[in-house]
Amino acid sequence: MTTLRPGAEHVDAAWLAQRLPATSSKDLGHGLARLIDGGELPPGAHLPTIRDFARAAGVSPGTVMTAWSRVRDSGRLHTRRRGGTVVADLHRPAPAAHPTVGWSHIEMALVAPDPALQPDLGPALAEGLRGTPDLHNPERAYISDRLRRSVEGSWPFDAQAWNCVGGGSEAVVLATAAAASGGPIGVEEPVSPGYLDVLRQLGIEAIGVRADEHGPTVASVRSAVRAGATALVLQPSGAYAVAGALSTGRAAELAAAVGPHTWVVEDDSAGPLAATEPASLGVHLPDRVLRIRSYCKAFGIDLRSAVLGGSAELIERTVRLRSFGMASNSRVLQNALAHLIVDPDTELAMTRARSRYRLRRHGALAAFTAAGLHASASPDGFVVWVRVPDETSALINLARQGIVAAAGAKSFVTTGEPLLRFSVLQLPEDRERVDDLAAAVRAAVNSADREYFD
């Protein structure tokens, strides 16, 4: 790669051809996307002309055109008039083609994913139909062979048994009911939205488990066990955490603290949106741990599938709890999920989604901090937490400006410092707009502070 003028890198056709040895448009597109996502082709880099690259790579110009178009559709490239094809800078999004959307239309309270960053389910569903030879077979398939094969290689421990149910929320409810043995359960705080309401409806007492940047603290887990917790419900990916995700070292410490008589449910709600596979206590306690991997945030709620793997006893309990063992997920949906898990195009879409969500998370943290607010999030977090003097007053003042956030109190069993929760998944990537949001939150907080102390 040579620099022809300051700030404008022009990529040599032979150099690029050496790094893209593929001959099909699909493989060329995948390879180019990997070079961009890996940083070898930085934002602003000018690609060689289609004819120059085709000549250097020994492929047809049409193949190159199709490959470049695939990558351009993903947002990684853009074409300038008389300026050639350039690697896009995701930190500087293109100007909006539509009028600015008001804050009341941007979901920040319910942690709903951005539909634009989810894969097209059409090909997956078609593949699910084609790949289900036993279509309409009346026998129940609690997990199809194809889906089990697609997940077991990446599962963090050797699962004794498997199940597939209708989404992450159902999986957590079933796993909680299966693990609760008539006593209280320890739950990692902050919990996912609505989970404490579920526990109340199930008649299960919750014991709050505090966490730090490495996950649940050993002292808090031991305290919950001493208080009679029959199970622990943890969030290893830290999707809703204030500080961080479960580390490998902390998982080993917690396994020793839990002992051989406490069930552990691990709710991996991030699924493919996590940068790396979260740590697991199942490595140490495979017969006591049930792991949930949800695909709803990544692939869309209409896929209606989450995978459970781990303790054979707990898996059997989840099976019985679903309509007394009579319910099982559609084999078509299960095999569609299996297709998405191993599909290279879907993996590219997930790489892009992780990048975009990371950009939005960092943008929100930077804006809130610059505005003088105390804000925090975990590395793969779906939310940013902002400390406030009074939750209710701050929420009311924000609502007057059309901004809807969530009260932190609903995510904690124990009383702690007042917090507001903002989902980052649908935040705009316009820095000025996010700065405006931070200024509005600061104004609401300051007003709440005055009301609180008057």
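Q: What does buried mean here, and which label do Y240 and F382 get?
A: Buried means under 20% relative accessible area, exposed over 50% and partly exposed in between, with a 1.4 Å probe and protein chains only. Y240 and F382 are both buried. The model is a predicted one, where local features need pLDDT of at least 70, side-chain atom pairs count only at pLDDT 80 or more, and totals for chains, interfaces and linings use all residues. Residues are numbered from 1 along each chain as its sequence is written, and side-chain values use heavy atoms, leaving out hydrogens and water.

Q: How many aromatic pairs does a search of the whole structure find?
A: The search finds 6. Rings of Phe, Tyr and Trp (its six-membered ring) pair if their centres lie within 6.5 Å; planes under 30 degrees apart count as stacked, over 60 as edge-to-face and the rest as tilted.

Q: Why is the pair of Y240 and F382 called edge-to-face?
A: Their ring centres are 5.9 Å apart and their planes stand at 85°, so the pair is edge-to-face.

Q: What makes the pair of F368 and F422 tilted?
A: The planes of F368 and F422 are 45° apart, with 5.4 Å centre to centre, and this pair is tilted.

Q: How do you know that F368 is buried?
A: Its relative accessible area is 2%, so F368 is buried. F422 also counts as buried, at 2% relative accessibility.

Q: Where does R288 lie relative to W263?
A: R288 lies over the face of W263, 3.7 Å from the ring centre. A charge sits over a ring if NZ of Lys or CZ of Arg is within 6 Å of the ring centre and within 35 degrees of the ring normal.
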